[in-house]
Amino acid sequence: MQGIASRLELIRSGYLASIERSLWDLNQAQLDVQLRGLVDFPDIAWVHLRSADFDLLQGQPLPAEAARIERFALSYRLDQAQPRALGELEVGVDVAAVHRRLYASGLTSLLWMALFICGLAITLSWVFHRLVTRHLLAMAAFSRRLAGGEWQTSLRLEKGHGAAEDEIDAVAHALDEMRQAIVEDMQRREADHLALQDKKDELQKMVEQRTASLYRAKEEAEAANLAKSRFLATMSHELRTPLNGILGMAELLGEAPLGELERRRLQALHKAGDGLLALIDDLLDFAKLEEGEARAESVVFSLRQLLEDVLTLLEPRAQANATQLVECLDGGLGDYFEGPEQFLRQVLTNLLANAIKFTRAGRVQLRVQLLGQESARQCLRIEVQDNGIGIPEAMQARIFERFVQADEQVARRYGGAGLGLAICKRLVQSMGSEIRLHSREGQGSRFWFDVWLRQAPPMERACPVSEAAVAASGHVLVVEDVELNREVAQGLLEREGHRVSLAEDGEQALGQTRATAFDLVLLDVQLPGLDGVELCRRIRQDSQGLNRHTPIFAFTASLQPAMVQRYLDAGMLGVIAKPIQLSALRQALAGVAPREMPVAGEALLDPRVLRAHREALGAGKLAQLLRLLQGSLEQQGALLLAALQALDYPEIAGTAHRLASASESLGGRPLAALLRQLEVAAGAQVQAQCLDQLAPLRQLLGATQQALSQALTEL
């Protein structure tokens, strides 16, 4: 580009004057010669002369982007006169030609450089292979030989005589020294092995002796643990059996005409029995926690309903102590959670019962506070506070230990075994938390713990069985070897309007079940001779028996989880704990209907149950429950009918159980009875009985839904 600039300057300084002279003289021939001479310059593509007399072009014009155009003004001066403009000279320079020359020269230089670098790389590679790579390959082969077990061959590198040692030689010497060290270590290990071999038999004998000792200790521990479990089961049964008679007879005597003094004595007797029963329950609960039998079962539950249930249960105790029960809930709490509902219920019951027990004419507050939220989980602080007698500071460190109370005076005045707080501590720890305490003597106590619970969508929840929701009269067989317990059960059942048959042992009960069809069997599991579990199995296995599908409930004081599971595995539907509570007995009877199907004109919804719910809950709440049941029957009823057609027995049993519980809670006895029979048939996987219920079930589902709609319009 500098050359082009210099040629343009040469045209300006050396040629313009002669061109101006020729143009002034109007010498066209001379101008043609001069313009051709300019075109012959390197990189000059064309020359164009424009004037009033001439328009001369030499060369080939190029596009503007490929050329550089330089214009020179032409003028001529005569002596001292002013210069006169003659025209313009346009010179076009071929810039693309310059670029082509640059590209060609650059490519040539690049090719020569590439050839040079390739040659240099080949030379360096050969030198590096000669000096380094081949020695590294030799050391790699040496390492592979070592891995293959060739320990005696040393490492030698192929080098010329007189070659100086370098870093490669240092690495080779280190590898060979490592080989020698490994050989020496193997020799030492072989010597140690030979030395230890002599001790092997002696050590083996010692291990065998120790193993035998540990096995004996394990057998002794298992025997002790089994003895403890048997002791708990025996004590549970032996203590609850007389309690069953005491409390049952007290409840039956409560209906008799008694004087004021006798009624007070009877109430004192019942209260003492309840206290003894609570003490036994605490002992057994703590024993189960000690044994690790208590497991936190995760279920979906309503927290507000749980708190309401606990407060309702303990409200009579608070009223007896003239104590106010207060509930304070955080507005941000979820409605439904998934977690250990039974553990929470037991902890809250124990803490509130303690607070009420030690607070006279005071105030007990249950507070649930939302501490934090993380995705679908909430952290709750559950707190029970009272203004009762408080706990001395010296005892607060030990108050959560078993059999510990504040002092002897408190123990004598208020009673109890000192296990409630110990049970609470174990249950809270099983939920992954710690229970804490703040108390001042004479000013009250505050217990609290934090727990994470996963939020859950609302679920269908059956209403509890009310006093009005009692099963229709039926025929009940009571199998019990203790006469007092038989009389108590018979009295309670007959007072509820049931027909009762009695049996003293398993053989007598088996004969009665083969001859008579019962609506319910209450079966004591500890019977002389043929025990209750085996009796239940025989009843269930009798293909021609009249009571193969009759509901059977265990009537027992042995409530350890393993034993309860054994009762259920034998074919029982549930457990009624001794001593008998009338509410528990009604709960079992509410799910049992007479064997006869409802006759025409029988109410599909018991008006007494609806009336009782309306009085207790109000018309709005009852309407909400009726609509909930109606939706459940519509949705889950369709699923149940589909499961029946496909003979999906687990789905049939589960859905029938849920719908039966919900139906009987609102007085839908005919539908609940049919569903209970279907549940039993599905549990036994009796195909014919399941299919026989398909048409009646479809008809009864529709009729019950119509009855629900009618009940809603009448509210």
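This is a predicted model: local features need pLDDT of at least 70, side-chain atom pairs count only at pLDDT 80 or more; totals for chains, interfaces and linings use all residues.
I then looked up the second largest cavity, for which I noted a volume of about 60 Å³. Its lining, as I listed it, is made up of Leu-510, Thr-513, Arg-514, Arg-538, Ile-539, Asp-542, Gly-545, Leu-546, Asn-547 and Arg-548. Helix 11 (506-515) and helix 12 (532-541) are the elements that give two or more residues to this lining, and helix 11 gives the most, with 3 residues. Sorting the lining residues by kind, I got 3 nonpolar, 3 polar and 4 charged.

I turned next to the largest nonpolar core, which has 41 residues, and noted that Leu-351 and Phe-449 touch the most other members. At least two residues of this core come from each of helix 6 (303-320), helix 7, strand 8 (363-374), strand 9 (377-386), helix 9 (420-430) and strand 11 (444-455), while helix 7 gives the most, with 9 residues.

Last, I checked helix 7 (residues 341-357) itself: at 1.5 Å a residue, its 17 residues should span 24 Å, and its end C-alpha atoms are 24 Å apart, which agrees. I also noted that 13 of the 17 residues of helix 7 are buried, so this helix is largely enclosed by the rest of the structure.

Methods: Residues are numbered from 1 along each chain as its sequence is written. Side-chain values use heavy atoms; hydrogens and water are left out. On a 1 Å grid over the protein atoms alone, a cavity is a set of points where a 1.4 Å probe fits but cannot get out, and a pocket is an open set with protein on both sides within 12 Å along at least five of seven lines; lining residues have an atom within 4 Å of a point. Grid points are joined across faces, edges and corners, and a volume is the space filled by probe spheres set on the points. Helices (H or I, at least four residues) and strands (E, at least two) are DSSP runs, numbered from the N terminus. Ala, Val, Leu, Ile, Met, Phe, Trp, Tyr, Cys and Pro count as nonpolar, Asp, Glu, Lys and Arg as charged, and the others, Gly among them, as polar. The expected span of a helix is 1.5 Å times one less than its number of residues. Buried means under 20% relative accessible area, exposed over 50%, partly exposed in between (1.4 Å probe, protein chains only). A nonpolar core is a set of buried Ala, Val, Leu, Ile, Met, Phe, Trp, Tyr and Cys residues joined through side-chain atoms within 4.5 Å.
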